[in-house]
Amino acid sequence: MAGTGLRFRQGAIFFSGAHAAAHPRTRTPHHHCSPQRTHDARGRCRLTAKSANGRPQISASFRDVAIDGAQSEDGAPEQGGSTVSITVVGASGDLAKKKIFPALFALYYEDCLPEHFTVFGYARSKMSDEELRNMISLTLTCRIDQRENCSDKMEQFLKRCFYQSGQYNSEEGFSELDRKLKEKEAGKVPNRLFYLSIPPNIFVDVVRSASRTASSQDGWTRFIVEKPFGRDSESSGELTRNLKKYLAEEQIFRIDHYLGKELVENLSVLRFSNLVFEPLWSRNYIRNVQLIFSEDFGTEGRGGYFDNYGIIRDIMQNHLLQILALFAMETPVSLDAEDIRNEKVKVLRSMRQLRLEDVVVGQYKGHSKGGKTYPAYVDDPTVPSGSITPTFAAAALFIDNARWDGVPFLMKAGKALHTRRAEIRVQFRRVPGNLYGRRRRSVGGGGTTATRELEKATNELVLRVQPDEAIYLKINSKVPGLGMRLDSSDLNLLYSERYPAEIPDAYERLLLDAIEGERRLFIRSDELDAAWAIFTPVLADLEANKVAPELYPYGSRGPVGAHYLAANHNVRWGDIS
Ligand SMILES: NC(=O)C1=CN([C@@H]2O[C@H](COP(=O)(O)OP(=O)(O)OC[C@H]3O[C@@H](n4cnc5c(N)ncnc54)[C@H](OP(=O)(O)O)[C@@H]3O)[C@@H](O)[C@H]2O)C=CC1
Ligand SMILES: O=C1O[C@H](COP(=O)(O)O)[C@@H](O)[C@H](O)[C@H]1O
C-alpha cells in the first residue's frame, strides 16, 4: 500500500492513549475508540476502531496508517507524521533472541508494523549495530511462508535495527539512547515502546532511568513488563507501587504470553458466539474443568531463575490462572479491554484461597532410558543442591460464586514430563436417567449383555492450546451394526486442517497490541493482586513447612499424588485415559 497516496487521518485509532503517556502521572481519559485488528481479503493487517459497545466503526490498513511521510531505508524518517520506536531492553538475552526480535520481524514481514518504525536493542554487552544485526539474523525466519522476497525483507528489517549499550540504572545510557532515537524520529511525533526483557530485579531501575530520560515528549511511551511480577502479594504490590512512581497504569503492559495464544483468544469466541456452549457453561452441566500444562524438557539453562520461583509461580499463578479467568468470567459488557478485565477481576476475587491440602508438589529426578541419561532437577549446576523447589504441581481450585459453586478447577503443570502439551478439558456431567446405562437384552434374545460402558455417557470438550491446536468434543454415538454398542468419538476441529495458514506466535499478537494501545490481553494491577491473593498463602505454607516434593522420573507422567488429589474431588485426569 505504500505509495498509493492514501492518508490516515484518524490518529485516535492508532495512537489511542498517546497524550497521557507522555506525562506519567496523568490518567488517560476513557477512550470511546479502541483499536481492533482484522485482516483484509489480501491478508494485510487492518485496524478496526470499536465504539464503546464494541461495534466496529472505522477501519484502515496498517499500511494506510501514517503514509503521510516517507522513511528512508535506514529508518531515518522524513518530516511530518508519526513514528514508533521499539527498544528491547536486555537485547542480548534469551527471550529477546528467541522470541522478541523474531516476532518483530514476522510483523514487519506481514506488513503489520507501522510504515515508520525503528528497533533498538539496549543491554550492557558491548555491541555495534552490525553485531546486533548479525545476532538477530540468526533467529529470524520466514515463518509464514517462503516468499521470494524473504531475504530482502530481512535485510530491510535489519537496517531498521540499532544498538545502544548501557547500564540498566544509568540515566546517561538512556539519555544517549534518547539522542539516537531522536535522530531516527526527526520531525515526527515520536511514540516509544520499551520491552523489558530483563531479570525482574532490574525492572524498576530501567523504568526509572528510561522514563526520566528517554520518554517521548509529544507521543506515547509504553513499557512491556515481562513476568515474574513479584513472588507473592507483597513483592508484587511493591513492584506495582515502584513502577507507578514513574509510570501511569496505562503505560504498563504486563505481558502473559499465554493470552496471546490462538486457542486462548478463541476461548471467548467459542463461549460467547456459539449458542450451544454458553447455556452449558455452569455448575449445572459442568462436572469439572482441567487446565493442564506439561513440558518434555527440564529447566535446562534457566535453573537459576526457576529455583527462586518454582512451577506454581512460573506457570500456575499466571498462565493457567489467566486461562481460568477467561474461561469462567461472566459475559463482559463489551470487548473493550476494561470491560473484559473487570470481569476477570470479579471471577478471580470470587476464588477461594488455595489450601495446602489441595496441592501436590513434585520434582523430577534423574532417569535412564534406552541408553540415554536424563538429569535430575538438582543436577542443574545453577540449582542449589538439596533444593526442594517444585518442578511439578497439581492443585484444586474453587470459585465461590453462583455459576461455579462446587465445581473443581484442577490445574496440573510440570517440567520434564513425558510430553509437551497445554490444554483445557471440560468434563460435563453424566446424562441424567441414562437409558444406555441400564442392562439390556442382547440382540437375538440370548440373555442380558453388560452395557456398563454406556454409563460413561458423558461429554468432554477439549481445547488443545498446543501443540497441534484443536478443539474437540467427545460425544457418544452408536457403533454401526445390528447390536447396540456405544462408542466415544471426537467431533474434531483440527486447526492445521481447517486453517492452513501458519498461526502467529503469541509474541507477535501481543507486541502489535502494545503498539496499538490495545490492553485487553495485558494484565491490570488489580487482576494481578487478585491472582496473587489466591496463591500467596499456600506458597508461604509450602515454604514455611519445607514441604518435600514427590520425586518423579524425568520423562514420566509426574507424581502419583496428582491422581489422589483428583480422586479426592471425584475427578479423573482427562489426559491420562
Ligand atoms: N527466556 C524465556 O523463555 C522467558 C523469559 N521470561 C522473562 O523474560 C525476561 C528475560 O528473560 P531472559 O531473556 O531469559 O533473561 P536473561 O537471563 O537472558 O537476561 C536478559 C539480559 O539481561 C541482562 N542480565 C542478565 N542477568 C542480569 C543481572 N543479574 N543483572 C543485570 N543484567 C542482567 C543480560 O544482558 P547484558 O549482560 O548484556 O546486560 C541478559 O542478556 C525475564 O524477566 C524472564 O523471567 C518470560 C518467559 C519466558
Ligand atoms: O513463561 C514461561 O513459559 C514457558 C512455556 O511457554 P510456551 O509458550 O513454550 O508454552 C516455560 O517454558 C517457562 O518456564 C515459563 O517461564
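In helix H7, Phe 203, Val 204, Val 207, Arg 208 and Ser 211 meet Leu 239, Asn 242, Leu 243 and Tyr 246 of helix H8; contact here means C-beta atoms, placed from the backbone, within 7 Å. This is a predicted model, where local features need pLDDT of at least 70, side-chain atom pairs count only at pLDDT 80 or more, and totals for chains, interfaces and linings use all residues. Residues are numbered from 1 along each chain as its sequence is written, while chains are lettered from A and ligands numbered from 1 in the order in which they are written.

H7 (residues 203-213) and H8 (residues 233-246) pack at an angle of about 10°, their axes 9 Å apart. H7 is therefore roughly parallel to H8, a label for angles under 35 degrees. Axes are lines fitted to C-alpha atoms over the stretch in contact, and angles run from 0 to 180 degrees between N-to-C directions. Helices (H or I, at least four residues) and strands (E, at least two) are DSSP runs, numbered from the N terminus.

Now let's visit strand S15. Its residues are 409-414, and six of six are buried, that is, with 20 or more other C-beta atoms within 10 Å of their own C-beta, placed from the backbone. Phe 409, Met 411 and Ala 413 point one way, and Leu 410, Lys 412 and Gly 414 the other. In a regular strand the side chains alternate between the two faces of the sheet.

What about the partners of S15? Strand S10 (residues 286-294) runs parallel to S15, joined by six bridges, and Phe 293 has Ala 413 as its bridge partner. Strand S14 (residues 392-397) runs antiparallel to S15, also with six bridges, and here Leu 397 stands opposite Phe 409. Strands pair if DSSP finds at least two bridges between them.

Definitions and conventions
A residue is buried if 20 or more other C-beta atoms lie within 10 Å of its own, exposed if 12 or fewer, and partly exposed in between; C-beta atoms are placed from the backbone. Angles under 35 degrees count as roughly parallel, over 145 as roughly antiparallel, 65 to 115 as roughly perpendicular and the rest as oblique. Two residues are in contact if their C-beta atoms, placed from the backbone, lie within 7 Å.
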